[in-house]
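Look over the structure first, then read on.

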Amino acid sequence: MLNVNRSEGMIPAVSSLEERAELLERSQWMPELSWRQVENLARYLQGARTVRGGTMIHEGSREAFMCILAEGRVHIIKEDVEGREKLLSVITRGQTFGEMSLFDGEPRSASVKAAEDTTVLVLTRANLHRLMEEAPILGAKILYKLGRLMSQRLRMTSGKLVDHL
């Protein structure tokens, strides 16, 4: 279970399975999952809220979880060599962030700050492993979706990088 840390700006929320499933239904995950699979996936998710301006993930931290943004908007921010914050991306309702931590165990590559009050559904590495053991077909679909998302983001980043070379 994710230890939601108030100093990080995240507080527990969205406690019922039905609420989590309904929020998940409005995300980019729904088109590839049946309603039964959405309800099953919701069993492995936790809800959390963050107020505008709260930091949800600190660059360099090692917590292994990803978030599906159910409500609100967040900024992905990275510090440059001089310590100035640079906006890398804006994540909106239905999108995910933090998925790399589920795979590599490396420190977070960027910070995530709430641009407005947000609600997220959190999938921890432990719950992903549990999901893969208890519901392998759903687990495979989730891993496939995460692989596609990371591939799309890498292609987008490569496209931006070439403009700066």
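Arg130 is partly exposed, with a relative accessible area of 34%. Here buried means under 20% relative accessible area, exposed over 50%, and partly exposed in between, with a 1.4 Å probe and protein chains only. This is a predicted model, where local features need pLDDT of at least 70, side-chain atom pairs count only at pLDDT 80 or more, and totals for chains, interfaces and linings use all residues. Residues are numbered from 1 along each chain as its sequence is written, and side-chain values use heavy atoms, with hydrogens and water left out.

**Salt bridges**

Arg130 has a partner in Glu134, and their side chains form a salt bridge. A salt bridge is a side-chain nitrogen of Lys or Arg within 4 Å of a carboxyl oxygen of Asp or Glu. Both residues sit in helix α4 (residues 125-134), 4 residues apart, so about one helical turn separates them. Helices (H or I, at least four residues) and strands (E, at least two) are DSSP runs, numbered from the N terminus. The structure holds 11 salt bridges. Three of them are set out here.

| Pair | N to O distance |
|---|---|
| Asp80 and Arg84 | 3.1 Å |
| Glu99 and Arg153 | 2.1 Å |
| Arg130 and Glu134 | 3.4 Å |

What does the pair Glu99 and Arg153 tie together? Glu99 lies in the loop between β7 (96-97) and α3 (101-104), and Arg153 lies in helix α5 (residues 136-164), so the pair links parts that are 54 residues apart in sequence. Glu99 is buried, at 3% relative accessibility. Arg153 is partly exposed, at 25% relative accessible area.

Asp80 is partly exposed at 21%. Arg84 is partly exposed at 45%. Salt bridges that share partners join Asp80, Glu82, Arg84 and Lys86 into one network.

**The largest pocket**

The largest pocket holds about 970 Å³ of space. On a 1 Å grid over the protein atoms alone, a pocket is an open set of points with protein on both sides within 12 Å along at least five of seven lines; a cavity is a set where a 1.4 Å probe fits but cannot get out; lining residues have an atom within 4 Å of a point. Grid points are joined across faces, edges and corners, and a volume is the space filled by probe spheres set on the points.

Of the 33 residues that line this pocket, the closest to its centre are Ile76, Met100, Ser109, Arg153 and Thr157. Helix α5 gives the largest share of the lining, 11 residues. By class, the lining has 15 nonpolar, 12 polar and 6 charged residues. Ala, Val, Leu, Ile, Met, Phe, Trp, Tyr, Cys and Pro count as nonpolar, Asp, Glu, Lys and Arg as charged, and the others, Gly among them, as polar.

**Nonpolar cores**

A nonpolar core is a set of buried Ala, Val, Leu, Ile, Met, Phe, Trp, Tyr and Cys residues joined through side-chain atoms within 4.5 Å. Of the 24 residues in the largest one, Leu24, Trp29, Leu41, Leu131 and Ile142 touch the most other members. Its largest share, 4 residues, comes from α5. Another core, of 16 residues, lies apart from it, with Val74, Val112, Val120 and Val122 among its members.

**A cavity**

The count comes to 1 cavity of 30 Å³ or more. Which residues line the largest cavity? They are Trp29, Glu32, Leu33, Lys141, Ile142 and Lys145.
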